[in-house]
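Hi everyone, thanks for making the time.

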Amino acid sequence: MSDTHYQAREPDADGFIDYPEAEHEVWNTLITRQLAVIEGRACDDYLNGIEQLNLPHHRIPQLAEINKVLRNTTGWSVARVPALIPFQKFFELLASKQFPVATFIRTPEELDYLQEPDIFHEIFGHCPLLTNPWFAEFTHTYGKLGLKASKEERVYLARLYWMTIEFGLIDTPQGRKIYGGGILSSPKETQYCLTSDPEHLPFDAVEAMRTPYRIDILQPLYFVLPEMKRLYQLAQEDIMALLRQAQQLGLHAPKFAPKAA
């Protein structure tokens with residue numbers, strides 16, 4: 001795992017995390033800006049989740065507040081983690097219906113992008129859809145598969161996660177919308193992904209697992225679900241058999257320049 005200069009905040013004996021006022025201000029800036037940017041772009045399933053979570057605007061939410069809503073809707077909860085965790089721990093948490101949340105928030109200097117997932121990315125980007133049973137079931141199944149997978153197989157599963165949970169688009173009766181948390185927590189990507197600049201392809205699990213990506217650029221390609229139920233249907237399929245197909249077919253050529261050394 002790579003190093004991070006961020007330090008996760010520790011809770012007190014009652015589980016309460018006391019954040020400095022400056023960090024609450026960063027949260028307020030991020031959520032106020034992003035709620036405006038996602039308007040007309042985020043899918044209804046995500047917006048329904050945002051409504052249920054009823055996130056505070058002037059302070060960072062406590063994990064217990066998020067857990068109350070998730071447990072009542074899909075039986076999920078969030079788990080406090082340091083900034084970066086190993087694949088093994090990540091899959092263990094998802095397999096037990098716990099979504100990892102790092103209890104730090106980005107600095108004002110990294111408002112638009114940071115490499116490590118912070119509490120804003122995890123809570124605002126991902127938790128709303130964990131109120132959706134189809135999305136929650138897929139994420140749970142994904143965690144269980146990842147636990148049993150080899151190191152090589154996990155790389156293919158990581159691509160599937162990236163192209164769905166992080167950077168997925170979806171077709172709806174209101175038009176093409178966003179459901180991926182990596183997009184919905186980024187103002188630039190939210191505005192860019194639905195334009196004609198990137199390529200949009202119908203979702204195909206094998207193709208998603210064959211598609212290389214870079215984490216530090218606007219994505220050149222997005223896969224589009226026909227509906228949210230498609231993720232639930234995928235969870236009922238033999239994803240590891242699809243993964244073996246992807247391995248046999250090999251990776252596609254990257255649609256981006258290699259990262260400078």
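What covers the buried residues of helix 3? The cover includes helix 2, strand 1 (77-81), strand 2 and helix 5 (119-126). The residues in question are Leu63, Ile66, Asn67, Val69 and Leu70, the buried ones of helix 3. Please keep in mind that we are looking at a predicted model. After helix 3 comes glycine 75, and its phi is positive, near 85 degrees.

While we are on backbone angles, let me show you two residues that are not glycines. Most residues other than glycine have a negative phi. Asparagine 54, however, has a positive phi of about 50 degrees. You can find asparagine 54 in the loop that runs between helix 2 (44-53) and helix 3 (63-73). Is asparagine 54 buried or exposed? Its relative accessibility is 62%, so asparagine 54 counts as exposed, the cut-off being over 50%.

Lysine 97 is the other one, with a positive phi of about 60 degrees, and again this is not a glycine. With a relative accessible area of 29%, lysine 97 is partly exposed.

Let me zoom in on one pair. Strand 3, residues 169-172, runs parallel to strand 6, residues 221-225, and the two pair over 2 bridges. Which residue of strand 6 is the bridge partner of leucine 169? That is valine 224.

Next, have a look at arginine 230, which belongs to helix 11 (residues 229-236). What does arginine 230 touch, leaving aside residues up to four places away in sequence? The list is Phe203, Leu225 and Glu237. Arginine 230 and phenylalanine 138 are 92 residues apart along the chain, yet their C-alpha atoms are separated by 9.4 Å.

Let me finish by zooming out to the whole chain. In total there are 12 helices and 6 strands. The C-alpha trace spans about 50 × 45 × 40 Å along its principal axes. For 261 residues, a compact globule would have a radius of gyration near 18 Å, and the chain agrees with that because its own value is 18 Å.

How much of the chain is buried? Of the 261 residues, 52% count as buried. If we take contacts with a separation of 6 or more, 67% of them are between residues 24 or more positions apart. The chain exposes about 12,200 Å², and carbon and sulfur atoms supply 51% of that area.

Notes: Residues are numbered from 1 along each chain as its sequence is written. This is a predicted model: local features need pLDDT of at least 70, side-chain atom pairs count only at pLDDT 80 or more; totals for chains, interfaces and linings use all residues. Side-chain values use heavy atoms; hydrogens and water are left out. Two strands pair if DSSP finds at least two bridges between them. Helices (H or I, at least four residues) and strands (E, at least two) are DSSP runs, numbered from the N terminus. The radius of gyration is taken over C-alpha atoms; the globule rule is 2.2 Å times the number of residues to the power 0.38. Buried means under 20% relative accessible area, exposed over 50%, partly exposed in between (1.4 Å probe, protein chains only). Contact means heavy atoms within 4.5 Å. Accessible areas come from the Shrake-Rupley method with a 1.4 Å probe; for residues, only the protein chains shown count as cover.
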